[in-house]
Every structure is written in structure tokens, then in C-alpha cells.
Amino acid sequence: MVAIPREIVPFVVSAPGKVILFGEHAVVYGKTAIAGSLNMRAYALVTPRSDSRARLLLPDIDVDVTFNTQELPKLQRDSLAHPSDVEKQLGHIDVPEGPGRMAVLTFVYLFGCLLSGSSTTGFTVCVRSLLPVGSGLGSSASFNVALAAALLQLNGQLRANAESPEDRRLINDWAFAGEQVAHGTPSGIDNSVATYGGFLAYTKGSEPQNLHSQRALRVIITNTNVPKSTKALVAGVRALRDAHATVVDGILESIHNVALSAISLFESSSKDSTIEPQLQDIIRLNHGLLSTLGVSHPSLERIRDITGARGLASKLTGAGGGGCALTLIPSDIAEDTVELVKRELAEEGFQCYQTVVGSAGVTVTRTVGNEPVQAWIGNMLSRNLSLAPDTNSNSEDPFGGIVSAFAILPDAAIARLAPSF
């Protein structure tokens, strides 16, 4: 086991969310899907402590747990039949019930595999996520990539601040293990997108293919706030296929061809060429095909009506049945029109997020501009909330005030840590 350097400089790891662009449902049957990194990210602040305790703070879901590092289970990856078996290794360690339980179990698992046995002082990891939970936008994978990168950075296994291919393969491998703790048998596409960024093509049973596109797309992600069951939606398509195999297989093949068309567009494009008109066409085609499979929803159709009236193309993303929709923002559209569309969607009770698809993957940041990250956080606290970080932190946690400041910064301030592209 590599010992953690005793002098830990505060740093922030960030990882993007993900959005499925093309290929939903067809991917279950061996067809191709395309996913892109969403510049709505998880941000993990890591700070040193002077005691032997490890603290995980997730203020967005009211989780705050602290462990004695000497009492956490010492694990090896091959010592468990499956990463989710970490729950059987807890002993007297108390992991709270609730929405953050899987996140805490993942932390215990990754700590046990990567850091147990190290001679070091403790540390705090405070994670802020700008991704809505349970919306199909990869919030779990974004968290797991950020956490895996943070712990690998602490134990010295990252050699190039998560920028080299070797670093990213290592992060992706451990983030996938974290996804296994939370989800049992994940596909691996979510953590791959969050690690590498950009656009990936994925076919069941194969390694994701990086499309190496230099193009980032402006989009509106609209959350219908309609709960969905991915399992039930997948089962519904399967039942339809069982009853009408020839027809449904033709639809699935058409969805596959839409994804292949998108791959050709991404791989042939550069920053100076536009693929937006073609993308708008296949966005509309892909949604129409998915709707034929019965996985749309009145709320998704309402979003398409509103955006379509302004010349924008939208489609469901993910399993459908509610959840989220994706709307492409062409580069030549007036900003006033974009704002009008967002207002009209909000008036219907939808939540809108204007962001970018194709953003950078995982990053490690120690400075923002010329400022150390802890100084930047303090300045953001003063600028946004007219507060100063608490300087009376106890001796065991000298950066406790900075951690508390990071926990309450407005989302807009946190988002300024996103990498530029």
C-alpha cells in the first residue's frame, strides 16, 4: 500500500454527469448508444486533518459521517466476491440509513481498498453535486469518479493529476467498482463518460468507444419531475417485442442506424464545421422511434411542443416515461429565444438546466487562477454570501472553516470550478 503524503494540499476533484444522446432501449438488444458528458458536475473538496479520522460530508443530501480510519475494514479487491459485499464487512461500523447510504458504503469500500494500512493523518472529503439525483443524468457515477480520483490522488497512485491515459484508466476502473457497490451490475458507460468526458459510443458487451469529437453542444436539459421506473419501461418494450418481433426489431435497428449516423457526424466534425442541422433531424427521428415503442410521456411531448414551436429539436433522454428531455440549442439561435423557451418550460412546472454536452472528464484542481483553492473558496463565500470562513476550527480539523464554506456556497459559485473548454 502506498502511504499518503503527510502534507496534503487542499484540492478539488470534479467529474461530469452524463446524458444519453441516441440509442436508448435499443442498446439493451445489442445496438449502439451514444452518451455525452454533461457539464453539470460533482465537486469533491479534499482537505487534511491532524487526527486519524476520515470525514465524508455530502451537504446536498444531509450526510455527514466521520470514521476512525483505524477501525474501517481493510480490504483487497479480490477479497470480496462482489464490491457490494462490503456491507458484510462493516462489523461495528455504523452506516446511516437513508438516501446517502450507498454513497457512504462506497466510501468505506474504496477507502478499505485504497487507503487502509496507510500511515497518515486523516482527511475530509466534502462533495457538492450540481446534478439532480435520480434523473438519469449520472449523478451516482459522477460522485464515484470524483471520489475514486480523490482517494487515488491521496494515496499517490495518480501520476499526472488525472490527465494521463494511465491515470484515467485507473480512475475509471475504481469508479466502476464504486458503481458496483451502488448498483450491482452497472453497464460501465456512466462512469466511463464521467472519467473521459466528450462523447462515447457504447454497445453491450464491448468497451466504450471514444468518438474524439472536438465539438461541444449547447443544450437545455429539462426535468419533467415525473417519476419513472426504468425496469418497468424496459419490460414494456420487451413485451411489445415479444408480441411483434419483426416490427419492433425494425424500430430497434432504425434507432441503431440513428446512432451510427450520429457517430459519423461527430467523427467528421471539427470546431469550425457545424453538424447542428443534421443533429436536429436525427434528434427528432430518435424521439419518434422511441415514442413508437411506448416510452414517451405527455410531459415529454409537452416539452417537444414548446421547444418545437421555437424551432428547437428535443427528445427524451434515458429510459423515458418522464425523467428528462434534451433540447439542442443551435449556435445561430438568439439568446432571447433561448430565455423565452426556458421561461415557457418553467411555467409548465419543469426544471431547466442550460449546459453543455461534450465537456471535459475528471479533473484535479489545486488553484483557481493564481489562488490556492482554499483561498478561492473563502473569497467566494465573502462575495456571494458576505460571510467569512470560520477561522476558529478545532486543532483536529484546521480546514474545517473552509469545508463549511464550501458546503454552503451557492451552486452558481461552485459551477465556476468547472473546467473551461
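This is a predicted model: local features need pLDDT of at least 70, side-chain atom pairs count only at pLDDT 80 or more; totals for chains, interfaces and linings use all residues.
**Exercise 1. Determine which strands pair with strand β2 (residues 32–48), and in which sense.**

Step 1. Begin with strand β1 (residues 11–22). It is joined to β2 by 11 bridges, and the two strands run antiparallel. As an example of this pairing, Val12 has Leu45 in β2 as its bridge partner.

Step 2. Turn to strand β5 (residues 123–129).

Step 3. Consider strand β6 (residues 199–203). It pairs with β2 over 5 bridges in the antiparallel sense. Ile34 has Ala201 in β6 as its bridge partner.

**Exercise 2. Decide how many of the 17 residues of strand β2 are buried, and state what follows for the strand.**

Step 1. Recall the cut-off: a residue is buried if its relative accessible area is under 20%.

Step 2. Apply the cut-off to β2. The count is 17 of 17 residues buried.

Step 3. Draw the conclusion. Strand β2 is therefore largely enclosed by the rest of the structure.

**Exercise 3. Describe the salt bridge between Lys315 and Glu24, and explain which parts of the chain it ties together.**

Step 1. Check the distance. A salt bridge requires the nitrogen to be within 4 Å of the carboxyl oxygen. For Lys315 and Glu24 the N to O distance is 2.7 Å.

Step 2. Locate the partners. Lys315 belongs to strand β9 (residues 314–317), whereas Glu24 is in the loop between β1 and β2, so the pair ties together parts that are 291 residues apart in sequence.

Step 3. Examine the surroundings. Lys315 and Glu24 are both buried.

**Exercise 4. Characterise the salt bridges Glu166 with Arg169 and Arg241 with Asp249.**

Step 1. For Glu166 and Arg169, the closest N and O atoms are 3.8 Å apart. Both residues lie in helix α3 (residues 165–183), with a spacing of 3 residues, about one turn of the helix.

Step 2. Arg169 has a relative accessible area of 48% and is partly exposed.

Step 3. For Arg241 and Asp249, the closest N and O atoms are 2.6 Å apart. Arg241, at 26% relative accessible area, is partly exposed. Asp249, at 31%, is likewise partly exposed.

Notes
Residues are numbered from 1 along each chain as its sequence is written. Side-chain values use heavy atoms; hydrogens and water are left out. Buried means under 20% relative accessible area, exposed over 50%, partly exposed in between (1.4 Å probe, protein chains only). Helices (H or I, at least four residues) and strands (E, at least two) are DSSP runs, numbered from the N terminus. Two strands pair if DSSP finds at least two bridges between them. A salt bridge is a side-chain nitrogen of Lys or Arg within 4 Å of a carboxyl oxygen of Asp or Glu.
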